Amino acid sequence: MYKTIELKKGKEESLKRFHPWVFSGAVARIDEGIEEGETVRVLTSQKEFIAVGHYQIGSISVRVLSFEDIAIDHNFWTERISSSLAMRQKIGIADNPNNNTYRLIHGEGDGIPGLIIDCYDDTAVIQAHSVGIHLCRKEIAKALVEVMGKRISNIYYKSETTLPYKAKLGEESYEAAASNGLKNGFLYGGSEKNTAIENGLTFHVDWLHGQKTGFFIDQRENRTLLEQYSKGKSVLNMFCYTGGFSVYAMRGGAKQVHSVDSSAKAIDLTKANISLNFPGDERHQAFCDDAFKFLEKEGNKYDLIILDPPAFAKHRAALRNALKGYTRLNVKAFEHIKKGGILFTFSCSQVVTKDNFRNAVFTAAAQAKRTVRILHQLHQPADHPINIYHPEGEYLKGLVLYVE
């Protein structure tokens, strides 16, 4: 069947607790000829089966797909995708006429480590975070069409930015990556339509060139909460990207909404999304500027500020500097927000824990000498589920704060 990897004595304990990763330090022996991305069986030191998954080079040697001794075939992919769809139907996210934007597969949270599938209307965007998923992309697309039926007409594969720096497949050059199938493109269909609906609002989704799969679906519920706080307020949306928070603030009745991003492309996309939902509305302005500089110059104008920066730490070695960055950014917001203002502040760095983030924000409040109360503690939505055996999957942290 599959080649095998054997663990060191006692290193199977985490797998017995169903944690879906095998770390390189736990491996005693690897069969000859195993290629990166290949499906392998994991054995204990007693040569007993314990898991099956994708082999990869790096600190994580195997991403576990099943703790049963099964084939990773068409039936496996259809069963996992069907299970994920059923959960999203039960919680009212899939097949919702008011919302056709949602995450269908969330890696370990849905039992398929390394795989992300986001749905935007009738287009599904697949993103691979492991070589194994990349090699299975066509099988996954076939299963996706079978399970989703008329729900999707297009499947776009978008993994250029998530694989080459991790995998040998593309380390030589971009051309080498493209020749190995890493180039982004449609696996099924090919529609150029790029709008989707989230909670009754319409957004352009740039799955061709945008960050992640083209839109930050994980902030959907937090944007809804922001909408409830926006009426009559002057709102500043820092790191606005597609302008999601800005659009919700506009619908919530904000008297003024300013969107800021250092990327001119993001500003153009924000303006397009505002125009799509509120054409000609003069309450909104967008600025291409550095976050720290803008807060220093203009921050005291606002009574509601959103800080949703990109990940400051993508690996553990960067944690210390990331926490300093979060503290510095929040100090600026605390120093300038109006008395009685509300701050929505976030971290999407997986290596930054809830306690890490809270301590960074608390330090910022103390440095700014502001009295601060926690109104809400925020996290990722239900279509980004956390595998109970894989706490590392809880990556999005947020606080809503009342600042006196």
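**Charged pairs, a helix contact and loop residues**

At 41% relative accessibility, Asp69 counts as partly exposed, a class that lies between buried, under 20% relative accessible area, and exposed, over 50% (1.4 Å probe, protein chains only). The model is a predicted one, in which local features need pLDDT of at least 70 and side-chain atom pairs count only at pLDDT 80 or more, while totals for chains, interfaces and linings use all residues. Residues are numbered from 1 along each chain as its sequence is written, and side-chain values use heavy atoms, with hydrogens and water left out.

Asp69 forms a salt bridge with Arg41, and their closest N and O atoms are 2.7 Å apart. The pair connects distant parts of the chain, since Asp69 is in the loop between β6 (60-66) and α2 (74-90) and Arg41 is in strand β4 (residues 39-43), 28 residues apart. Helices (H or I, at least four residues) and strands (E, at least two) are DSSP runs, numbered from the N terminus. Arg41 is buried, its relative accessible area being 18%. A salt bridge here is a side-chain nitrogen of Lys or Arg within 4 Å of a carboxyl oxygen of Asp or Glu. By this rule the model contains 22 salt bridges.

Another of these pairs is formed by Lys332 and Glu296, with the closest N and O atoms 2.3 Å apart. Glu296 is partly exposed, at 41% relative accessibility.

Salt bridges with shared partners also join Glu6, Arg29, Asp31 and Lys47 into one network. Within this group, Arg29 forms a salt bridge with Asp31, the closest N and O atoms being 2.6 Å apart. Arg29 is partly exposed at 33% relative accessibility, and Asp31 is partly exposed at 22%.

How are α2 and α4 oriented to each other? α2 and helix α4 (residues 137-148) pack at an angle of about 50°, with their axes 9 Å apart; axes are lines fitted to C-alpha atoms, for helices over the stretch in contact, and angles run from 0 to 180 degrees between N-to-C directions. The two helices are therefore oblique to each other, because angles under 35 degrees count as roughly parallel, over 145 as roughly antiparallel, 65 to 115 as roughly perpendicular and the rest as oblique. The contact (heavy atoms within 4.5 Å) involves several residues, including Trp77, Ile81 and Leu85 of α2 and Ile140, Leu144 and Val147 of α4.

Most residues other than glycine have a negative phi. Lys47, which is not a glycine, has a positive phi of about 65°. This residue lies in the loop between β4 and β5 (49-55) and is exposed, with a relative accessible area of 57%. Phe239, also a residue other than glycine, has a positive phi near 55°; Phe239 is placed in the loop between β14 (234-238) and α7 (244-251).

Asn96 is found in the loop between α2 and β7 (101-106) and is partly exposed, with a relative accessible area of 27%. The C-alpha atoms of Asn96 and Phe203 are separated by 16 Å, and the two residues are 107 residues apart along the chain.
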